[in-house]
Amino acid sequence: MISPKSSQFLACRGQSELEQPSELQWELEKGFSSVGESDTGMRTESATAASASVEVDEDLGVNLFPPPLPQPRICMWKYLDIHSMHRLEKAATVDEMREVLAELLEISCPEQSPQDAITLDLFSYALIFCRQQGFSLEQMSAACALLQDLHKACAATPLGNVEECYRYFTSVLFCHGVRRPPFSIDLFKEEQLLALADYVVNTYFRHFKLYKYVFTPQVQLDLSLTYTGLQPPKAWLEGQVCILRTYIKTQLNKELEQLQQLVEERLKASEERLSSKLTALERPNQLPPSKSKGKNKTK
């Protein structure tokens, strides 16, 4: 809607332009004569704008921080309108409801795509919960839209943003619990808000990392370090390093062989001691020959 001040300004501007026809005619003639120049200028401006957009995209790809979340707004009839909700309401069984929901969400083959299957399960169970709570069509549409926006915020980045998503969820939830138009409406009662919050916390936030693992790409960090002020290694230095490496390997092999031989000798000595003790235990009644001779002498 145009304000009175802007309409007065436009009227004054139109009157001033009508009062100066010669200037307008001169500008038109100048414009017709410089069509080629303006065309080239527009091309250069479009090229610079395209290059700037590419640079912005590259900067966004380099950014390691999660993207900012959207402002919380009223989301009734945002994704599921009144006609879609009537179609879901007419579904008599859960299978029929899932078929209609898959058509509305544009999910063709959930059996072949794990992401589509998880999305379909997410909204199917959300609708079942809304029916159990006795929500109206407006409340069901808002609850599904709230869950959809939360899921988009989760899948927007592979980085951890559970606290930001929870704050966003609570702010959007309060947009539907307090009458303060045009910023918020009293769509849900207090008990319904608490029930919906408990459901989302117990079903979505409890498995937040699993949803993020499935719906976001994996991030791999390739770290490379460069030191300033150091000279690159030379060829003779690399040769010396190879010689030193081979010398260390040979010395380690010799030490390992000596250690293995020492361990084998000790094991052999311990086996001999153990066998002598076992033979002594097997013949307890036989006396040594020295002791038997001593007894005969005393007799």
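These questions and answers walk through a predicted model of one protein chain.

User: What percentage of the residues of the chain count as buried?
Analyst: A residue is buried when its relative accessible area is under 20%. The chain has 299 residues. The accessible surface comes to about 23500 Å², and 58% of that surface belongs to carbon and sulfur atoms. The buried part of the residues is 21%.

User: What share of the contacts with a separation of 6 or more comes from residues 24 or more positions apart?
Analyst: Here a contact means heavy atoms within 4.5 Å. Among the contacts in the chain with a separation of 6 or more, the share from residues 24 or more positions apart is 68%.

User: Are α4 and α7 roughly parallel or roughly perpendicular to each other?
Analyst: Helix α4 covers residues 82–90, and helix α7 covers residues 137–155. Their axes come within 10 Å and cross at roughly 105°. Angles of 65 to 115 degrees count as roughly perpendicular. The two helices are therefore roughly perpendicular.

User: Which residues in α7 meet α4?
Analyst: On the α4 side, the residues are Ile82, Met85, His86 and Glu89. By class, this contact has 4 nonpolar, 2 polar and 1 charged residues. The partners in α7 are Leu137, Met140 and Ser141.

User: Is Ser124 buried or exposed?
Analyst: Ser124 sits in helix α6, residues 114–133. Not counting residues up to four places away in sequence, Ser124 touches Met97, Arg98 and Leu101. Its relative accessible area is 2%, so Ser124 is buried.

User: Where is Pro182, and is the peptide bond from Pro181 cis or trans?
Analyst: Pro182 is in the loop between β1 (177–180) and β2 (184–186). Most peptide bonds are trans. From Pro181 to Pro182, omega is near 5°, and the bond is cis.

User: What is the phi of Trp77, and how exposed is this residue?
Analyst: Most residues other than glycine have a negative phi. Trp77 is not a glycine, yet its phi is positive, about 60°. Trp77 lies in the loop between α3 (35–62) and α4. Its relative accessible area is 28%, so Trp77 is partly exposed.

User: Does Glu106 count as buried or exposed?
Analyst: Glu106 lies in the loop between α5 and α6. Its phi is positive, near 60°, in a residue other than glycine. Exposed means over 50% relative accessible area. Glu106 has 74% relative accessibility, so Glu106 counts as exposed.

Methods. Residues are numbered from 1 along each chain as its sequence is written. This is a predicted model: local features need pLDDT of at least 70, side-chain atom pairs count only at pLDDT 80 or more; totals for chains, interfaces and linings use all residues. Side-chain values use heavy atoms; hydrogens and water are left out. Axes are lines fitted to C-alpha atoms, for helices over the stretch in contact, and angles run from 0 to 180 degrees between N-to-C directions. Helices (H or I, at least four residues) and strands (E, at least two) are DSSP runs, numbered from the N terminus. Angles under 35 degrees count as roughly parallel, over 145 as roughly antiparallel, 65 to 115 as roughly perpendicular and the rest as oblique. Ala, Val, Leu, Ile, Met, Phe, Trp, Tyr, Cys and Pro count as nonpolar, Asp, Glu, Lys and Arg as charged, and the others, Gly among them, as polar. Buried means under 20% relative accessible area, exposed over 50%, partly exposed in between (1.4 Å probe, protein chains only). Accessible areas come from the Shrake-Rupley method with a 1.4 Å probe; for residues, only the protein chains shown count as cover.
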